[in-house]
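Me: Can you take me through this one? I'll ask as I go.
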Amino acid sequence: MSEPASDKPQEPVVLLAQVTKFYRKGAQEVRALDGIDLRIEPPGMVAIVGPSGSGKSSLLHMIGAMDRPTGGEIVVANRRLAALGDADLTAFRRQTVGFVFQTFNLIPNLTALENVMLPMEFNGVDKRERGRRALVLLERVGLRARATHRPGELSGGEQQRVAIARALANDPPLVLADEPTGNLDSKTGQLIYELLEEIARERTVIVVTHAEPLAQRAKRVIHIQDGRLVQ
Amino acid sequence: MLLLGLRNVFRSKTRLAVAVLLLALPVFLLLVLQAILVAVETHTETLKHNVDNSLQLRARGSMGHVNMEGNETILPQRALKIARGVAGVAGVEHYLLAMTPTEGHNFAMIVGVNPGESRRLESHGEAGNPRIIAGRALTEADRGQRVAVIGQGVARWARITPENLAVATLTLDLKRTHPVIFALERPPATLKIAGIYASGYVFGDLQLFVPLYTFREIYGVPEGISWLFVRAVSADHLPEVEAALRRDLGGVADIIAPIAAAEFERTTTRAVRRFAAIGTALAAALMMIVVFFVTLINVRERTREIGTLKALGASDTGVAASFLAEALVLAALGAAAGAVVFAVVGSLLEGQLFGIAVSPFLPAQYKDALRGALAPAAGLGPSGVAWFLLATAFAACAGSAWGLRQVVKLSPVEAIRHE
């Protein structure tokens with residue numbers, strides 16, 4: 001007879017221990033992250049909130065292997081990022097995390113479908129399979145009918161939904177969203193949050209946001225100020 | 001990623017058009033220079049083996065005309081054998097010359113020539129065969145026969161026309177004199193006229209060519225040579241051939257070496273080669289500069305996009321490859337545009353260039369030949385095309401190298417944060 005799942009200690013999808021990120025701005029040393037300890041278990045949505053310049057985006061970039069910390073240890077999906085070389089970090093980004101950006105960052109001369117197919121192309125997925133999966137993902141975000149449209153022909157909300165579909169392309173266990181509603185009106189933002197909430201039922205979604213009301217919908221809210229977590 | 005790079009070429013139509021035009025210009029210049037270089041090399045190769053490689057030998061201090069006052073000394077027959085034995089000699093032609101007085105023109109020149117050899121004209125040895133305008137040239141069958149080919153000046157004096165050529169004869173009276181021509185106690189000789197030629201200049205048309213042995217018989221010159229033309233294998237062989245002839249025949253012969261022509265050939269080729277090399281380097285540098293700036297602008301403008309691609313898991317080399325593909329396609333389009341312009345206006349430019357700029361500096365005998373050979377459209381062979389494609393690819397790779405380095409160096413987070 002197996003043990004009930006709730007009694008089993010859960011593996012964290014993100015584990016940070018004393019993570020620091022310092023950089024120089026002229027003669028001044030800026031402490032973007034200063035001794036961050038963090039443990040996030042899957043699944044669910046986690047919100048990171050804090051004022052501008054508090055280090056929340058830096059934290060997200062560290063977790064997503066977009067940047068290397070000055071010190072400390074980061075483990076994501078059981079992988080120690082410090083131990084990975086550049087090529088392995090690239091593979092990690094395409095297989096383990098999906099990014100959603102504030103400004104959507106879709107490739108303007110590719111259609112919605114092609115944008116969603118792109119991460120799969122990097123991951124070596126066969127072209128036919130890429131197309132099939134991309135259509136399924138666009139269906140999921142309600143944009144199948146807009147598959148052949150280019151970003152310039154889509155509204156902000158539609159573009160962000162394409163970006164979310166793109167983030168899910170390689171079925172990553174972790175989705176990182178940096179101010180995903182920052183460029184959207186509140187109603188559209190609400191829809192995006194609902195979509196992220198739905199996605200967070202099956203994987204971990206970490207959302208960086210200024211918007212406290214939206215953050216309250218997350219299962220956990222992490223406050224950060226001056227590069228430190230605030231309890 | 002390569003496909004993405006190819007599609008990126010057409011993202012900004014205006015930029016593409018400007019870049020293609022800017023690339024087309026140096027490509028066009030490069031093609032013109034290559035064509036000129038190929039044409040000059042081809043032509044100078046011909047010059048090396050032909051007309052400008054001949055030395056002229058005459059008896060010392062004499063014009064070598066058998067009946068000309070004070071100029072009747074001719075070369076000994078052995079000069080022919082000696083000249084043929086010199087290393088670097090491609091061929092030897094020998095002539096016998098005499099003068100005959102004519103009404104209106106003072107005198108005409110009688111030339112004994114081996115049928116089939118060049119009908120060289122006095123003072124214009126490089127001119128080669130003048131054009132036959134009626135009848136025929138001398139042939140092997142005429143050897144020893146009383147037959148002649150005459151210039152149109154002689155024909156006019158003798159009232160021979162194309163219409164009466166079939167029955168035309170001309171009698172040489174060897175006893176007739178002139179202040180510079182002395183009489184020879186030889187019987188007159190009547191020659192059947194086989195053809196009339198036009199040389200393009202007055203004195204050239206006042207000559208009469210007979211088979212060499214017919215000349216010997218008429219003028220009673222069993223051996224000896226008036227003029228000996230010794231053709232070197234190439235202009236590069238001229239100095240050694242001249243030295244050997246001066247050593248072996250300098251005591252009896254004046255040797256006129258076409259140093260000017262050879263030097264012209266050498267310096268022209270060298271100058272054109274340098275000009276083409278510098279021009280090609282400049283054109284390639286211009287192409288590189290255009291590709292450099294276009295790539296740099298693309299990288300600057302698309303920095304966030306580069307960051308996005310890296311965030312999505314594209315490798316540094318993959319992203320760089322897309323920019324390289326873009327640069328290669330851009331250079332190829334520019335090259336194609338330049339090639340089209342070259343094909344369309346190349347010949348027009350050639351006409352302008354050689355009609356106005358270069359022709360005045362070319363000796364008359366080379367001008368037309370060079371101009372014809374230098375037509376750019378005809379000048380680019382398969383190796384030229386291969387070279388051109390390689391140069392284009394090189395310009396694209398070298399021009400985009402700095403931009404590609406920036407692409408590889410960009411960290412994803414720096415790129416994403418780029419404003």
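Me: How much of chain B counts as buried?
Reply: Of its 419 residues, 51% count as buried, meaning under 20% relative accessible area, with exposed over 50% and partly exposed in between (1.4 Å probe, protein chains only). This is a predicted model: local features need pLDDT of at least 70, side-chain atom pairs count only at pLDDT 80 or more, and totals for chains, interfaces and linings use all residues. Residues are numbered from 1 along each chain as its sequence is written, chains are lettered from A and ligands numbered from 1 in the order in which they are written, and side-chain values use heavy atoms, with hydrogens and water left out.

Me: What is the secondary structure of chain B?
Reply: Chain B has 13 helices and ten strands. These are DSSP runs numbered from the N terminus: helices are H or I with at least four residues, strands E with at least two.

Me: Why is helix 5 of chain B described as largely enclosed?
Reply: Because six of the eight residues of helix 5 (residues 212–219) are buried. They are Leu212(B), Thr214(B), Phe215(B), Arg216(B), Ile218(B) and Tyr219(B).

Me: What covers them?
Reply: The cover includes strand 2 (89–102), strand 3 (106–113), strand 6 (169–172), strand 7 (189–198) and strand 8 (207–211) of chain B. After helix 5 comes Gly220(B), with a positive phi near 65°.

Me: Switching to the interface. How many residues of chain A are in contact with chain B?
Reply: 23 residues of chain A are in contact with 19 of chain B, contact being heavy atoms within 4.5 Å.

Me: And the area that the two chains bury?
Reply: About 1,900 Å² between them, 58% of it on carbon and sulfur atoms. Buried area is the accessible area (1.4 Å probe) that two parts lose on being put together, summed over both. In chain A, Met66(A), Asn109(A) and Phe122(A) lose the most area to chain B, together 28% of what that side buries.

Me: How many salt bridges cross the interface?
Reply: The rule finds one across chain A and chain B. A salt bridge here is a side-chain nitrogen of Lys or Arg within 4 Å of a carboxyl oxygen of Asp or Glu. Arg7(B) forms a salt bridge with Glu114(A), with the closest N and O atoms 2.7 Å apart.

Me: Which helices of chain A supply at least two residues to that side?
Reply: Helix 1 (56–63), helix 2 and helix 3 (112–122) each do. Helix 3 gives the most, with five residues.

Me: Where is Arg93(A)?
Reply: In helix 2 (residues 86–96) of chain A. Arg93(A) is buried yet has no salt bridge, and the nearest side chain of opposite charge, Asp316(B), is 5.6 Å away. For charge, Lys and Arg count as positive and Asp and Glu as negative; His and the chain ends are not counted.

Me: What is Arg93(A) in contact with?
Reply: Leaving aside neighbours within four places in sequence, its contacts include Met66(A) and Phe99(A) from chain A, and Lys310(B) and Pro412(B) from chain B.

Me: Is Ala134(A) buried or exposed?
Reply: Buried, with a relative accessible area of 0%. Ala134(A) is in helix 4 (residues 127–140) of chain A. Not counting residues up to four places away in sequence, Ala134(A) touches Leu113(A), Val116(A), Met117(A) and Met120(A). Ala134(A) and Met117(A) are 17 residues apart in sequence and 5.7 Å apart in space, C-alpha to C-alpha.
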